[in-house]
Amino acid sequence: MKKHIQRWLQDKIGIGQNRDQIKVLENKIASLSLLFEWSSEALIQVPKGLIEKTKKTLKEEYQSINFEISRNDAMFRYPLQVHGAMPLKILKEYFHTGAEAADYIYDFAPNVKKILDFGSGYGRVSRFLKVRFPDAEILVSDPKKSAIGFQIENIKTIPDDYSPVNLIFAGSVFTHLPKKLFQNSLHELMNRLIEGGALILTLHPFIDNEFSIYPFTEEAALTGLEDPMDSMVYGSVYCSKEFLEFCVYSHTQGNLFKCSIDDSSSFGGTQQYIIIERLNR
Ligand SMILES: C[S@@+](CC[C@H](N)C(=O)[O-])C[C@H]1O[C@@H](n2cnc3c(N)ncnc32)[C@H](O)[C@@H]1O
C-alpha cells in the first residue's frame, strides 16, 4: 500500500508522466519565494533607474522623501505579488498613495503642529508627511515593532508618546479591525484630539450590512513577513454608514464631535476618507 501511494505521489508531483502541472508550478513558486526570503536584505533593492523614473512622476516638494522600502512592507509586497510584471506601476501606486494622502491632510489642515500616523506601517504615508509638514512633529504607532524600527531608522519619525495631537491619520487601518477593537480604537483616538483637531481615517465604501469581517487580507496572502498580524485581530472589514456614526456618537462626549464622509476623493483608489472633528466648545 505504502509503495502504491509513493508511486502515485511520484507520478503526480515528481517525474511521472501524469504530474500535476499546477502543483509543480506551485512548488516552483514556493521555492523561489523561499530563496527570496533567504537572500533578501532588510531593504528591497529596487533598481536606481526605476526609483528615478518614479521620482519624476512626483511633485517637486516630494523629491526629497526617503525612497527606501522595507522587505516587510505588505503595502508594497502584496501588489508586487499580484502585479510583479509591472514594477513601475507598483512603485508609482505605492508612492502616489502616500503623496496623495499627505496632500489631502495638508489641504484640510496646513498648519498642524503635531500629527499621529496611527497604524503607520512602514511609512508609505508618513515619509510624505515628514516633508509636507517640515515644522510639525510626526508621531507614528503600529503593533509591528519592525515597522516602528524601520520608521525611526529611515524616515526619522517619532514613536507615539500618547500625548494630545492636532491631527490623527489612520490610512487603511479601520478597514482591518474587528468590531469591538474598531469601536474602542476609534474612541481612544477621539480622546487624543485637542479641541479643533481632527481624526482622518479611511474605510471601504459602505455596505448595507452593519459590519462584516473576512480573513482574506494582504498579510494572509504573504509569507515570511516579520511580525505578521494574527487573523483573529486583523481581517478585511466592511461596515455601514450607520455603524460608523453609531461608533462616533456613542463616545461619552459624542456631542462634541462632527463626523463627515468625503467620498469625492479616495485613498489608494478604493477607500473613502472619513473626517471626525473635535469641535471647539
Ligand atoms: C493596511 S496596513 C496600512 C499601513 C499604513 N497606514 C499605510 O497606509 O501604508 C494596516 C496597518 O495597521 C496596523 N495595525 C493592525 N492592527 C492595528 C491596531 N489594532 N492598531 C493600530 N494599527 C494596527 C498593521 O500593523 C499595519 O501596519
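A: Take one residue and look at what it touches. In this predicted model, I168 is in contact with L116, F118, L189, R192, L193 and L199, leaving aside its neighbours within four places in sequence.

Q: What stands opposite I168 in strand 4?

A: Start with the general idea: strands of a sheet pair through backbone hydrogen bonds, either parallel or antiparallel. Here L116 stands opposite I168. Strand 1, residues 114-118, pairs with strand 4 in the parallel sense, over three bridges.

Q: How many strands form the open sheet, and in what order?

A: Seven strands form it, in the order 3-2-1-4-5-9-8, and the pairing is mixed. At the edges are strand 3 (158-159) and strand 8 (257-267), each of which pairs on one side only. For the chain, the secondary structure comes to nine helices and nine strands.

Q: Which residues touch the most other members of the largest nonpolar core?

A: In soluble globular proteins, nonpolar side chains tend to be buried together. The largest nonpolar core in this model has 53 residues, and I115, I168 and F169 touch the most other members. Helix 5, residues 87-108, supplies the largest share of this core, with eight residues. In the chain of 281 residues, 31% are buried.

Q: What is the phi of S172, and is the residue buried or exposed?

A: Most residues other than glycine have a negative phi, and most peptide bonds are trans. S172 is not a glycine, yet its phi is positive, about 55 degrees. S172 is found in the loop between strand 4 (165-170) and helix 8 (179-192). The cut-off for buried is 20 or more other C-beta atoms within 10 Å; S172 has 22, so S172 is buried.

Q: Where does D227 lie, and how does its count of C-beta neighbours read?

A: D227 lies in the loop between strand 6 (211-214) and strand 7 (236-239). Its phi is also positive, near 50 degrees, in a residue other than glycine. D227 has 14 C-beta neighbours inside 10 Å, so D227 counts as partly exposed.

Q: Which residues are the closest to the ligand?

A: The ligand is surrounded by 20 residues, and the closest are G119, G121, R124, G171 and S172. By type, the shell divides into ten nonpolar, seven polar and three charged residues.

Q: What can be said of the chain's overall dimensions?

A: The C-alpha trace spans about 80 × 45 × 35 Å along its principal axes. Among contacts between residues at least 6 apart in sequence, 67% join residues at least 24 apart.

Technical notes: Residues numbered from 1 in each chain as written. Predicted model: local features only at pLDDT ≥ 70, side-chain atom pairs only at ≥ 80, totals over all residues. Near = placed C-beta within 6 Å. Nonpolar A, V, L, I, M, F, W, Y, C, P; charged D, E, K, R; others polar. Helix = DSSP H or I, 4+ residues; strand = E, 2+ residues; numbered from the N terminus. Buried ≥ 20, exposed ≤ 12 C-beta atoms within 10 Å, placed from the backbone. Core = buried A, V, L, I, M, F, W, Y, C linked by C-beta atoms within 7 Å. Contact = placed C-beta atoms within 7 Å. Pairing = 2+ DSSP bridges.
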